[in-house]
Amino acid sequence: MSDWGTRVLALEPAFRRAPSAHNTQPWTLRAEADAGAEGDALVLGWDPTRELHVGDPTRRDLWLSLGAFAESVVIAAASDEVGVGVEWDVSTRRSIAGRLVEQPLLTRHFTSEDLAERHSARGPYAAPWATIADVDAMAAAAGLAGTGASLTVVPGAVVDDLLPVADRWSYEPPALVDELRHWLRLDHGDPRYREDGLSDVALALSPAQAGALRVALSPRVWPLLRRAGGPSVLGAASKIDGRGTVVAFHAPVELAARPEDVADLGRALLRVWLAAGARGLRTHPVSVLVDAPATAGPFAVAVDRAAGQEPGSSRVLSVFRIGRPVDEPITSARRTVPVG
Ligand SMILES: Cc1cc2nc3c(=O)[nH]c(=O)nc-3n(C[C@H](O)[C@H](O)[C@H](O)COP(=O)(O)O)c2cc1C
């Protein structure tokens, strides 16, 4: 492998901090076998066993997560004076997203320290909540103007109406609960607790709440609880008092249609979250609003209206709370990025 490839791969401890839905860390990296005269490249792929086949049937979150990962490599490399470019070319048959290539170093906006400092914060946020000016400044710092994507603050009433419906749905389909259970890490003795998935501490659960969730969602208890109103109880339990400001990340439908488009917008989404961190704000994605069949449509209409656009103009790719957490979040688990 060239010096470039070796230097990039040595930065793995920094770029493994990329965020991914359910913390599945689906990415893989390997040196391109036939790099050819144009030089070196790393192939960015994913592990299909780490896909959320039930919860993410359109692969929207997979493309966003791979984009966030690619951006993490670009940022980590730039921190070390190494230039990395991203060429998307998705093959779902081969589980390949594209190539990372050597390129001259461009301007650096974020650093490896920013990657290490970013954490999702799922607990309550303190007043005063982030303002529209904060959100506009984040969009500018993330360079959104050049991507076609926008940030729009969602009216609180829309979130308060739709989130309980979406949260309840997230505990209803048995296959969705099975998939969640697979990625929950509630047992501190499980070696995977330190590698991937959603731990009790990352979910801001108290030991009592974690214990109750573990029993409730167990394969023996859940089928009974489900029929006895379990989804409503768990949906209501995820209500947050210090909701903070809720922001939609969206793009014109024609710019967010192909997997390559969405992956590239995943790069921008990570920059938005890092820009929030630079302003002392943390983020908490609440994708369920765009996943639940009953809320996805009304939510998209509300976002277009809030953005002053015709309903149907944009595709909402992500929605997240932002604010200053009452309790600082922990550093979530990571495994080593599979290389080679
Ligand atoms: C595309 C995408 C979608 C996500 N959706 C959710 C979500 O709906 N709810 C949630 O609590 N976290 C969500 N997350 C946050 C991940 O669970 C989080 O990034 C991962 O657990 C790693 O934790 P960290 O962000 O603190 O490093 C999402 C992250 C990504 C990249």
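The questions below go from the ligand to the helices, the sheet and some backbone details.

User: What kind of model is this, and how are its residues numbered?

Analyst: This is a predicted model, in which local features need pLDDT of at least 70 and side-chain atom pairs count only at pLDDT 80 or more, while totals for chains, interfaces and linings use all residues. Residues are numbered along each chain as its sequence is written, starting from 1.

User: Which helix gives the largest share of the shell around the ligand?

Analyst: There are 20 residues around the ligand, and P19, N23, S120, P285 and S287 come nearest; a residue is near a molecule if its C-beta atom, placed from the backbone, lies within 6 Å of it. Helices (H or I, at least four residues) and strands (E, at least two) are DSSP runs numbered from the N terminus, and both α3 (60-79) and β10 (282-285) supply at least two residues of this shell. The largest share, four residues, comes from α3.

User: How many residues in the shell around the ligand are charged?

Analyst: The classes count Ala, Val, Leu, Ile, Met, Phe, Trp, Tyr, Cys and Pro as nonpolar, Asp, Glu, Lys and Arg as charged, and the others, Gly among them, as polar. By that division the shell has nine nonpolar residues and nine polar ones, and the charged residues number two.

User: How are α3 and α11 oriented to each other?

Analyst: Axes are lines fitted to C-alpha atoms, for helices over the stretch in contact, with angles from 0 to 180 degrees between N-to-C directions; the axes of α3 and α11 (residues 259-278) come within 6 Å and cross at roughly 55 degrees. Angles under 35 degrees count as roughly parallel, over 145 as roughly antiparallel, 65 to 115 as roughly perpendicular and the rest as oblique. The two helices, α3 and α11, are therefore oblique.

User: Which residue classes make up the contact of α3 with α11?

Analyst: Two residues are in contact if their C-beta atoms, placed from the backbone, lie within 7 Å. The residues involved include W63, L64 and E71 of α3, and V262, D264 and L269 of α11. By class, the residues of the contact of α3 with α11 are eleven nonpolar, four polar and five charged.

User: Which residues of α11 make the contact with α5?

Analyst: Helix α5 (residues 132-141) packs on α11 at an angle of about 125 degrees, with the axes 8 Å apart, and that makes α5 oblique to α11. From α5 the contact takes M138, A139 and A141, and from α11 it takes V272, A275, A276 and A278.

User: How is α6 oriented to α13?

Analyst: Helix α6 (residues 156-169) and helix α13 (residues 293-306) pack with their axes 9 Å apart, at an angle of about 155 degrees. On that basis α6 and α13 are roughly antiparallel.

User: What is the class make-up of the contact of α6 with α13?

Analyst: The contact is made by V158, L162, V165, A166 and W169 of α6 together with A294, T295, P298, F299 and A302 of α13. In this contact of α6 with α13, the classes are nine nonpolar, one polar and no charged residues.

User: Which strands are at the edges of the open sheet of four strands?

Analyst: The four strands follow the order β1-β2-β4-β3 with antiparallel pairing, where two strands pair if DSSP finds at least two bridges between them. Each edge strand pairs on one side only, and these strands are β1 (27-31) and β3 (84-91).

User: What is the bridge partner of E87 in β4?

Analyst: Strand β3 runs antiparallel to β4 (residues 96-102), and six bridges join them. Another pair across these strands is V84, which stands opposite E102 in β4. For E87, the bridge partner in β4 is R99.

User: Where does the residue N23 lie, given its positive phi?

Analyst: N23 is not a glycine, yet its phi is positive at about 55 degrees. N23 is found in the loop between α2 (12-15) and β1.

User: In which loop does P128 lie?

Analyst: The peptide bond from A127 to P128 is cis, with omega near -5 degrees. P128 belongs to the loop between β5 (125-126) and α5.
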